[in-house]
Each structure stands twice: as C-alpha cells, then as structure tokens.
Amino acid sequence: MSKEPIRSIKGTQDILPDQSSRWQTLESTIRNTMHTYDYFEIRTPAFENTSLFLHSVGEESDIVSKEMYTWIDQGGENLTLKPELTAPVTRAFIQNNLGGLNPINKLYYIDSLFRRERPQKGRYRQFHQFGVEVFGSEFPEIDVEVISLAMSIFNTLELEGLTLELNSIGSEDCRNNFRTAIKEYLKPNFDKLSETSQKRFKRNPLRILDTKSLEEKTLLKDGPQISDYWTSDDKDHFNEVCELLDKINIKFELSPNLVRGLDYYTRTTFEVTSNLLGAQNAICGGGRYDGLVEQLGGKPTPGIGFAAGMERLLLVNQKSDETIKSQIYVIGLGDSARSLIINIALELRQNNIRTSFDLLRRSIKSQMRDANKLGAKYVIIIGEEELAKNIATIKNLSNSDQEQIPLDSILSHIKSLPLK
Ligand code: ATP
Ligand code: MG
C-alpha cells in the first residue's frame, strides 16, 4: 500500500540547490554593503510574546488583525511567530540596553518572517526580509544614509525599473491634527467609502490614504493634505532630507499619500517599487519611528529603518547567476584505490580546493561522466597502472591534456594549476 507523501504548508517554499546559490549571492551582496556602511548584524528569536506586536504594530494593522501565527503554548503563554522585525529588534535594543552602550546603533538583519496571507506570486506565508534599524539620531543625514544604503544594495544587484517614493507623515502632533481634519472632510462622504476605508475611518483614518480605489483617490485629492499639517520642524526636516538626497544624486518622487501601514511611523516614509512586478510591486518599505522605543518601555530614542522582501528582489533580479563548478574529481576503481582516493580528496579539501569523488562504486566510464556533469576542471585518475607505479594521472577536461605525477606531489601540482 503506498502512502500519500506529506506535503509542505501552503505559502511556504523549499529553496532547492539549483536556487540556493542565487540566495547566497543576494545575502553576500547585502552583508558586504552593510559592512561598508558599518552596520552590525542582530539576530532575534523566531517567536515573541504576542503583546510585543500588539503594542507596536498595532491592533488595527493588517498584520495584527488577520495575519499573525499566534498560539497559546503548553505553559499558557501567548506567543507569535515574528511577522516583522522592527518590533523584535526594538525589544532587543531596549532589553540589552544598547542605547546605554552607544549613542548610535546601526543594526541590520536577514531573516524569515511569517504572515498568514493569501499566497500568490511575491506573497508567501513564510518569506524573507533584510533590513536595518538605526537608533539614536533624529537628524536627516541618517534618513538619507538609510535610503542610500537600500538603493546601493539594489544598484549592486543591478535591479532596473525601480522607483523611490518619499513622503513625510510629520510628528505625532501633525498626525493627530491631520487625523481630525481628514475625518471631518470624509464624514459627509462616509457612505460612499469602500468597506475597507469605512473600517479604517473608525480605527486608523491615516490608512485611508492607502486606498487603491480611483474614486476615493480623487476625493482625497481635494481634501486636507498631510503637508498642510507639518510643524515647521517637520517641514525643515523633510526639506533637508530631500536636499541631501539631491546632493548625492538619488532620484525620488514625492508621494503625498504614502503612509506606512504600521502605527509607529513618524516623519520620513519611503517605499521602493518595481515596474517588473504586478500587483505585489513593493520591494522595500521604511521610515522613521521616533516614538516606538518609548512606546515599548525604553527611553525616548529616535529610530529609522527599512525592510525589503527578498523573494520579490529575486523575482526582479534578471541577472543570471554563475553556477559554481567543481574543481577536481578523483577517479579510481576497486578496494585498493578507495582509501587512497578518500585521502587525496581530504588533503585537497583541507586546502580549500573543491573536490568530489564517486560515492556509488560506479565504473571508470561513469565516474568520468559524473566529473563532466559536475563541471570539474581536472580529474585525478588512480587506475591499476598508477597504483602499481605510485603515480597519478591528471587530466584537464577542457582540452584533454594529461600528465603523470608522483602520488606524493598531487597537492603541490594541483595548486600550481589554474583552477578557475
Ligand atoms: P504589501 O503591501 O505588499 O503587503 P507590506 O506593507 O505588508 O507589503 P512590509 O511589512 O512593509 O510590507 O514589508 C516590507 C517588504 O516585505 C514588502 O515591501 C515586500 O517586499 C515584502 N513582503 C511583505 N509581505 C510579504 C509576503 N507575504 N511575502 C513576500 N514578501 C513580502
Ligand atoms: Mg502586507
């Protein structure tokens, strides 16, 4: 009786060996750039107390209201798989007193996240983000550094068709005044609003600006604008961000209705979209969250960060990856050659030379085929004749040149060859 094999969870993906090298290239590009900007990696647990997300992301957000994987564990604790990283990193920043150790903390992460959304292209239930969180500076130069860091990674990846959209949602006062104004303006039209916007009207009116409906967009155009509610400090801050971006030649578009879905954002808000993606066109979102550390029980500390979706980056990244090839394949037959082959492979590997040998006890001909398939540059052959004479035959697979050398000089000989 054949059993039905167990399958993976909907919205999760296996990253198989033919794809993992693209992930590795992406990850090393991210790490290299982070290090040139002097950002340091932070790793946080896969799950947290549910209350962390309730108190930061906010109960009205899509994430908290419908996307979290939450459960009560055997000890009765209410836990959640992390759906985003800003809250966990901020929790760790406070708990470990990073702010007391350093006035500025520039942190980055590469991590897996979990959201119970409807799976589709570019939208999964377990996905990956890289991002940064910087704590300690309220000044525009850090806004610009964070944006330029994100753009620099996208440039290194040679992504095309990207747009950087920029806005400021002002300080808390500005947001509060704007919230009152937009509610007043929309009130007479409440019945015409979509169901989503009606819900947002009550709970999180700022997010109505996020609407996809053309009718609502037109309505909003004639209504109050956030920029009318900026304080003069908000205005100066945003102008300086824009000027500095101009000075370092980073192109952006002003997007007056760009608000982030999460409750803790203040002032600078930005998003990077790609015209190569369909509906899920956002690859990166970020902004300032000057009130978050205090909200989570820390000392008032300004903060700014972004998060970029790595699956979407790979969808946009057209550049094909060079497959990594083997360098050496050791070939031989029979019991007497076996331990010798294992020893040769061990010595080469200890010297950082990529080496394979046959693990299926196949014929010499099949081993040669395997070496070609792996793309090996050279094969080392230990046949009967070689065993008898204590030598090895080294064959260059690209031009079939071969030569014989003493067994004890294999390593030095291989090292003298062009292996790339
Ligand atoms: P969206 O509007 O696409 O739902 P979001 O506002 O929920 O995005 P953020 O929480 O800002 O997204 O996350 C930052 C980035 O993470 C997004 O720009 C996107 O690239 C990626 N992302 C978000 N949700 C998913 C998901 N379910 N699957 C894959 N990538 C995602
Ligand atoms: Mg979302």
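Guide: Start with the contacts. The buried residues of helix 7 pack against helix 8 (195–203), helix 9 (214–221), helix 10 and strand 9. Contact means heavy atoms within 4.5 Å. Buried means under 20% relative accessible area, exposed means over 50%, and partly exposed is in between, with a 1.4 Å probe and protein chains only. Helices (H or I, at least four residues) and strands (E, at least two) are DSSP runs, numbered from the N terminus.

This is a predicted model: local features need pLDDT of at least 70, side-chain atom pairs count only at pLDDT 80 or more, and totals for chains, interfaces and linings use all residues. Residues are numbered from 1 along each chain as its sequence is written, chains are lettered from A and ligands numbered from 1 in the order in which they are written, and side-chain values use heavy atoms, with hydrogens and water left out.

Now the helix itself. Helix 7 covers residues 172–186, and at 1.5 Å a residue its 15 residues should span 21 Å. The expected span is 1.5 Å times one less than the number of residues. The end C-alpha atoms are 21 Å apart, so the two values agree. Its buried residues are Cys-174, Arg-175, Phe-178, Ala-181, Ile-182 and Leu-186. These residues cover an arc of only 135 degrees around the axis, so they are on the same side of helix 7. The arc is taken from the directions that run from the helix axis to the C-beta atoms. Glu-172, Asp-173 and Glu-184 are exposed on the other side of helix 7.

Next, the helix 10 side. Asp-234 lies in helix 10. Asp-234 counts as buried because its relative accessible area is 0%. Beyond its neighbours within four places in sequence, Asp-234 is in contact with Gly-170, Ser-171, Cys-174 and Arg-267. Cys-174 is one of the buried residues of helix 7. Asp-234 and Ser-171 are 63 residues apart in sequence, yet 6.6 Å apart in space, C-alpha to C-alpha.

Then the sheet. Strands pair if DSSP finds at least two bridges between them. An open sheet of 8 strands, with mixed pairing, runs in the order 1-5-6-11-10-9-7-8. Its edge strands are strand 1 (40–41) and strand 8 (253–254), and each pairs on one side only. Strand 9 (residues 266–274) pairs with strand 7 (residues 162–168) in the antiparallel sense, over 7 bridges. Ser-168 has Thr-268 of strand 9 as its bridge partner. Helix 10 (residues 232–247) packs on the sheet and touches strand 7, strand 8, strand 9 and strand 10 (282–288). Its direction makes about 160 degrees with that of strand 7. Axes are lines fitted to C-alpha atoms, for helices over the stretch in contact, and angles run from 0 to 180 degrees between N-to-C directions. Helix 4 (residues 86–95) lies across strand 5 (105–114) and strand 6 (126–135), at about 45 degrees to strand 6.

Helix 6 comes next. Val-144 lies in helix 6. Val-144 counts as buried because its relative accessibility is 7%. Val-144 touches Val-241, Leu-244, Leu-245 and Ile-248, not counting residues up to four places away in sequence.

Now the interior. A nonpolar core is a set of buried Ala, Val, Leu, Ile, Met, Phe, Trp, Tyr and Cys residues joined through side-chain atoms within 4.5 Å. The largest such core has 81 residues; Phe-130, Val-146, Ile-283 and Phe-306 are among those with the most contacts inside it. Helix 6 (residues 140–156) gives the most to this core, with 9 residues. Leaving out neighbours within four places in sequence, Phe-306 is in contact with residues including Tyr-109, Phe-130, Val-146, Leu-149, Phe-270 and Cys-284. Apart from this core lies another, of 21 residues, with Ala-392, Ile-394, Leu-407 and Leu-411 among them.

Last, a hairpin. Strand 15 (residues 391–396) and strand 16 (residues 402–406) pair in the antiparallel sense over 5 bridges. Ala-392 has Ile-405 of strand 16 as its bridge partner. The two strands form a hairpin with 5 residues between them. Ser-400, in the turn, has a positive phi of about 65 degrees, although Ser-400 is not a glycine.
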